[in-house]
Amino acid sequence: MPAIDIENLSFSYGDKQALKDVSIVVEEGDFTGLIGPNGSGKTTLIKNILGFIESEKGEIEIFGEKAMDFSDWNRIGYIPQHFEEDKQFPGTVRELLEANRSITGSTENIESLDIDSFLDSKFKDLSGGQKQRAMLALALQKNPDILILDEPSLGVDVEAQENFYNLIKELNDQGTTIILVTHDIGVVSEHTDKVICINNSVCCQGKTENLSKHVEEVYGDNYRLFHHMHEH
């Protein structure tokens, strides 16, 4: 049974069509990279999966259940690219985690996120990268079966990115299904096992080992792809 099964999904913002007849399957245990140009509908697709917006047509199933009937949202962790918070909210990161832990009762993998230095800082005062790590810590406390990450390493330095993606890979090795929305083709090639390329509709999907071909199909021939060796 697929973790997520989408068939002929379409969505528009007024007169602008963001998604057209999108059909994809994410199997349980996959580490899938979702790539495409700016404005291609990647975030819109994620918002449809999570029920934040409602599609014009098409069907979404989550663990074999229609999305409109799905209720066990603790099985899905989500880190948005951008998020808003109440500017007057006085809570610290520690307080947010403790409140969430009182419900879920898990702290596994959170130590790897290196958030100790700002645990007692107010969430509203954090940098963008710190907020991303705090949000990931909140998501991981649910022990989710699916983790959806929308450009999760924005505002994070290179060393922190390396640690972050190593953690995500460990979660996947333990059975967590990962969907990673990113512009970083290097991250996709190094960490994911499948890739989905969209530009309002699905251009291609398949194994990451065929990434160069997939990139050409989604971006056309007006791109240059450089390969380089990482030095840690």
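These notebook entries record what I looked up in the structure.

**Basis.** I worked with a predicted model, in which local features need pLDDT of at least 70 and side-chain atom pairs count only at pLDDT 80 or more, while totals for chains, interfaces and linings use all residues. Residues are numbered from 1 along each chain as its sequence is written, and side-chain values use heavy atoms, with hydrogens and water left out.

**The whole chain.** I found six helices and ten strands in the protein chain; helices (H or I, at least four residues) and strands (E, at least two) are DSSP runs, numbered from the N terminus. I noted that buried residues make up 45% of the 232 residues. Buried means under 20% relative accessible area, exposed over 50%, and partly exposed in between, with a 1.4 Å probe and protein chains only. I then looked up contacts (heavy atoms within 4.5 Å). Among those between residues at least 6 apart in sequence, 67% join residues at least 24 apart.

**Residue N172.** I located N172 in helix α4, which covers residues 158-173. Is N172 buried or exposed? I recorded N172 as buried, because its relative accessible area is 8%. Leaving aside residues up to four places away in sequence, N172 touches G29, D30, F31, I178 and D193. I next looked up the polar atoms of the N172 side chain. The backbone oxygen of G29 lies 3.1 Å from one such atom, and the backbone oxygen of T176 lies 3.0 Å from a polar atom of this side chain.

**Aromatic rings.** Rings of Phe, Tyr and Trp (its six-membered ring) pair if their centres lie within 6.5 Å; planes under 30 degrees apart count as stacked, over 60 as edge-to-face and the rest as tilted. By this rule I recorded four aromatic pairs. One of them joins F70 and W73 edge-to-face, at 4.9 Å centre to centre and with 85 degrees between the planes. F70 is buried, because its relative accessible area is 7%, whereas W73 counts as partly exposed at 29%. I also noted that F63, F70 and W73 form one aromatic cluster.

**Charges over rings.** A charge sits over a ring if NZ of Lys or CZ of Arg is within 6 Å of the ring centre and within 35 degrees of the ring normal. Which residue lies over the face of F63? I found R75 there, at 3.7 Å from the ring centre. I also found the charged end of K131 over the ring of F123, 5.9 Å from its centre.

How values were computed:
A polar contact is a pair of N or O atoms within 3.5 Å; within protein, one must be able to donate a hydrogen and the other to accept it, and residues adjacent in sequence count only if both atoms are side-chain atoms.
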